[in-house]
Amino acid sequence: MDFRTQTASLDALAGVTADALIVVLGGEALPANLDATLSALVKDAIKLGDFEFKAGKTLLLQRAAGVKAPRLVLAAAGKSSLKAARAALQAALGQLKGRGAAHAAVAFAGFEGAEETVESLAEQFVLGAEDTAYVYRHTKPSAPAAAKLVKLTLLVDKDDAAEVKKGLARGQAIAAGVELARECANRPGNYATPSYLAEQTKALVKSHGIKVEVLDQKAVEKLGMGSFLAVARGSDEPLRFIVARYEGAAKTQAPVVLVGKGITFDSGGISLKPGAAMDEMKFDMGGAASVLGTLRAVAELKPKLNLVVIIAACENMPNGRAVKPGDVVTSMSGQTIEILNTDAEGRLILCDALTYAERFKPAVVVDVATLTGACVIALGGVRSGMYASDDELAAALTAAGETALDPCWRLPLDEEYEEGLKSNFADVANVGGREGGSITAAKFLQRFAGKYRWAHLDIAGTAWKGGAAKGGTGRPVGLLTHFVLSQAR
Ligand code: BES
Ligand code: MN
Ligand code: ZN
């Protein structure tokens, strides 16, 4: 989609030229500075009972008297928040779906706030629009043709131009990252294999100047990643260990490291999952997809920092050579692990990736994984679960999630939660009990992340949606991109 800006004052919107004029109205009353013609139209619509200042309310008017644009869409946000603005924009764009408008001009009225809000509003303008426009077609070319709407102009106050420009650029970079993540996640397991993820990463070498190294089974054996290998061995599909680097600062500057879980299909292994909704386990590489998307966004925005992205990718399958409950494996860290449940495979591949990360002497490591069903029960699809080894890091991730409208919620790491991971036959077991399942998984990972500042995001509830809107969400690319940008000095 083509995004532009145009200077237009709120009191002169009726004269704006476009196929459609969208006016997103924040708050619960008419903004005082709104164009007189539009104000009269809004008041009349309210009087007729066709419009209200209530979130979700929209009204499409054609050839409204005194309005230059042939279509006028009013969209109420109900509040003046960023989240409400984005939702109202998306509702307004929904009104134009299947209609003839190719170019829409968008104004936000009643959202006056801090400077930062204008920048975030511009960012969400792009993200909201791209999110609405996204259609998965790779294995469904018959999917309805992309919308007619191809050009969106954000109408801005001239004093805000600089902030808006920054917001648009950030929005476009994040949108590209989100799209990459969604495309990877939505690809069926027989398309999005570990090798496919490696190819997608390599594609960023040419387009974004990223450095990529892809390790195969032999290289992973040499590194002693016994835990990762144990998961991969149950499948005929070859594993890949992907390391990508964005260098935006001196080599001596400690990098931010992102680690993604790249299980391209999780059958559960010998601890086989029940059949219902098992197809959704193609999304079990959502962590990998999101760190890849973040890498793309960051490489586009070029902050002055170093970023390393690590993806451990394989399938979790139950062939005759598959790892069995009770097997003990030796991780790269030297710790032995009793695999009591082969379906708790995410932590088994991540622990070796976390040990590998030590070699970068990282400033901070954040791993991202669709790790536990327990996290879905705890937080649903609204907030990702977040764990952090220190408060400052937790605060940075929380803040990044809030500004990106991609929120997370911190969960605890008390040592008592590690009780259940005790084993009579190894240093640690790969599962605790059913209780606090997301937390015990994090406690397992923490054992391998002691040498640096570390955080873990459990995105099992947020990486994809089920039901009629089944598909990858591209989360938490927004959160991660904002977080990485916040780490630049
Ligand atoms: N990929 C799943 C987690 C998952 C389950 C994500 C459902 C989203 C929806 C993970 O590998 C897994 O199977 N975890 C087990 C762990 C258990 C065996 C301790 C789980 O959550 O059931
Ligand atoms: Mn599993
Ligand atoms: Zn899994």
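Visitor: How far does helix H5 reach from its first C-alpha to its last?
Guide: In this predicted model, helix H5 covers residues 194–208 and has 15 residues, where helices (H or I, at least four residues) and strands (E, at least two) are DSSP runs numbered from the N terminus. The expected span of a helix is 1.5 Å times one less than its number of residues. For H5 that expectation is 21 Å, and the span in the model comes close to it, at 21 Å.

Visitor: What kind of model is this?
Guide: Residues are numbered from 1 along each chain as its sequence is written, chains are lettered from A and ligands numbered from 1 in the order in which they are written, and side-chain values use heavy atoms, without hydrogens or water. Local features need pLDDT of at least 70, side-chain atom pairs count only at pLDDT 80 or more, and totals for chains, interfaces and linings use all residues, since this is a predicted model.

Visitor: Which residue with a positive phi follows H5?
Guide: Within H5, the buried residues include Tyr196, Leu197 and Leu204, buried meaning under 20% relative accessible area, exposed over 50% and partly exposed in between, with a 1.4 Å probe and protein chains only. Among the elements that cover them are helix H4 (161–186) and strand E7 (211–215). After H5 comes a residue with phi near 65 degrees, and that residue is Gly209.

Visitor: Within what arc do the buried residues of H11 fall?
Guide: Helix H11 (residues 391–403) has Leu393, Ala394, Leu397, Ala400 and Gly401 as its buried residues. An α-helix has 3.6 residues a turn, so residues three or four places apart point the same way. Seen down the axis of H11, with directions taken from the helix axis to the C-beta atoms, the buried residues line one face, because they fall within an arc of 130 degrees.

Visitor: Which residue caps the N-terminal end of H11?
Guide: The face of H11 turned away from its buried side carries the exposed residues Asp391 and Glu392. The backbone nitrogen of Glu392 lies 3.0 Å from a side-chain oxygen of the capping residue, Asp390.

Visitor: How much accessible area does Leu405 keep, in relative terms?
Guide: Leu405 is found in the loop between H11 and E15, and although it is not a glycine, its phi is positive, at about 55 degrees. Leu405 counts as partly exposed, because its relative accessible area is 24%.

Visitor: At what relative accessibility does Arg63 count as exposed?
Guide: Arg63 lies in the loop between strand E3 (58–62) and strand E4 (71–76), and its phi, near 45 degrees, is a positive value in a residue other than glycine. Arg63 counts as exposed because its relative accessibility is 67%.

Visitor: What share of the area of ligand 1 does the protein bury?
Guide: Ligand 1 is surrounded by 16 residues, each having a heavy atom within 4 Å of it. An oxygen atom of ligand 1 is 2.8 Å from an N or O atom in the side chain of Glu345, and an oxygen atom of ligand 1 is 2.7 Å from a polar backbone atom of Gly373. Taken alone, ligand 1 exposes 510 Å², by the Shrake-Rupley method with a 1.4 Å probe, and of that the protein buries 77%.

Visitor: Which residue is joined to Arg475 by a cis peptide bond?
Guide: The residue sits in the loop between strand E19 (471–472) and H13. Omega of the bond is about 0 degrees, and the partner of Arg475 is Pro476.

Note on methods
Polar contact = N/O pair within 3.5 Å; in protein donor to acceptor, adjacent residues only side chain to side chain. Contact = heavy atoms within 4.5 Å.
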